[in-house]
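Open the model in your viewer and keep the selection panel at hand. The stops below go one selection at a time.

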Amino acid sequence: MAFKNPDEQTIQGYLKQAKNVAVVGLSDNTERTSYQVTKVVQAYGYNIFPVNPKLAGQEILGTKVYARLQDVPEPIDIVDIFRRSEFLPEVADDFLETNAKVFWAQLGIESEDAAKKLQDAGRNDIVMDRCIKIELGKLDQQ
């Protein structure tokens with residue numbers, strides 16, 4: 001069975017309820033999509049938690065970078081992922097070691113294997129191939 005995103009109302013609900021967003025694969029390069037999108041997420045008032053092992057201990061967008069998702073010290077509402085699709089099963093493993101609520105892979109990123117792994121563990125709040133920035137823009141239109 002192919003993975004299918006939740007309906008619009010559910011996705012909007014995730015965004016309305018969230019406060020803390022961990023961003024896996026956030027780059028410190030201001031030209032990268034991950035940086036630009038996360039800057040918008042932060043501007044919407046979300047607390048961001050950058051996750052990038054190469055930049056751990058540094059700061060991106062004024063926030064400390066963590067090596068692993070499991071190192072984020074706050075409860076995570078959404079894990080926003082900017083890694084290539086082939087890395088999603090690995091990110092799903094890390095996700096399952098946390099109490100994070102929503103697994104969110106950015107536009108162009110999806111993995112049936114990751115979805116199955118999450119669903120088999122009873123973690124069904126999954127969004128793939130959707131841009132959180134675009135979805136936040138839809139909230140403004142309501």
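Select F82. F82 is buried, at 16% relative accessible area; buried means under 20%, exposed over 50%, and partly exposed in between, with a 1.4 Å probe and protein chains only. This is a predicted model, in which local features need pLDDT of at least 70, side-chain atom pairs count only at pLDDT 80 or more, and totals for chains, interfaces and linings use all residues. Residues are numbered from 1 along each chain as its sequence is written, and side-chain values use heavy atoms, with hydrogens and water left out.

F82 sits in the loop between β5 and α3 (88-96). Helices (H or I, at least four residues) and strands (E, at least two) are DSSP runs, numbered from the N terminus. Beyond four places in sequence, the contacts of F82 (heavy atoms within 4.5 Å) include V23, V24, T33, V37 and I109.

Now show the strands. Five of them form an open sheet in the order β2-β1-β5-β6-β7, with parallel pairing. Strands pair if DSSP finds at least two bridges between them. β2 (47-51) and β7 are the edges, each pairing on one side only. Zoom in on β6 and β7: two bridges join these parallel strands. W104 has V127 of β7 as its bridge partner.

Next, select α1 (residues 8-17). Which of its residues are buried? They are I11, Q12, G13, Y14 and L15. These pack against β5 (78-81), β6 (102-105), β7 (126-127) and α5 (132-140).

Keep α1 and α5 on screen. They pack at about 95°, with axes 10 Å apart. Axes are lines fitted to C-alpha atoms, for helices over the stretch in contact, and angles run from 0 to 180 degrees between N-to-C directions. The two helices are therefore roughly perpendicular, a label for 65 to 115 degrees. On α1, pick E8, I11, Q12, L15 and K16; on α5, pick I132, E135, L136, K138 and L139.

Terms used. Angles under 35 degrees count as roughly parallel, over 145 as roughly antiparallel, 65 to 115 as roughly perpendicular and the rest as oblique.
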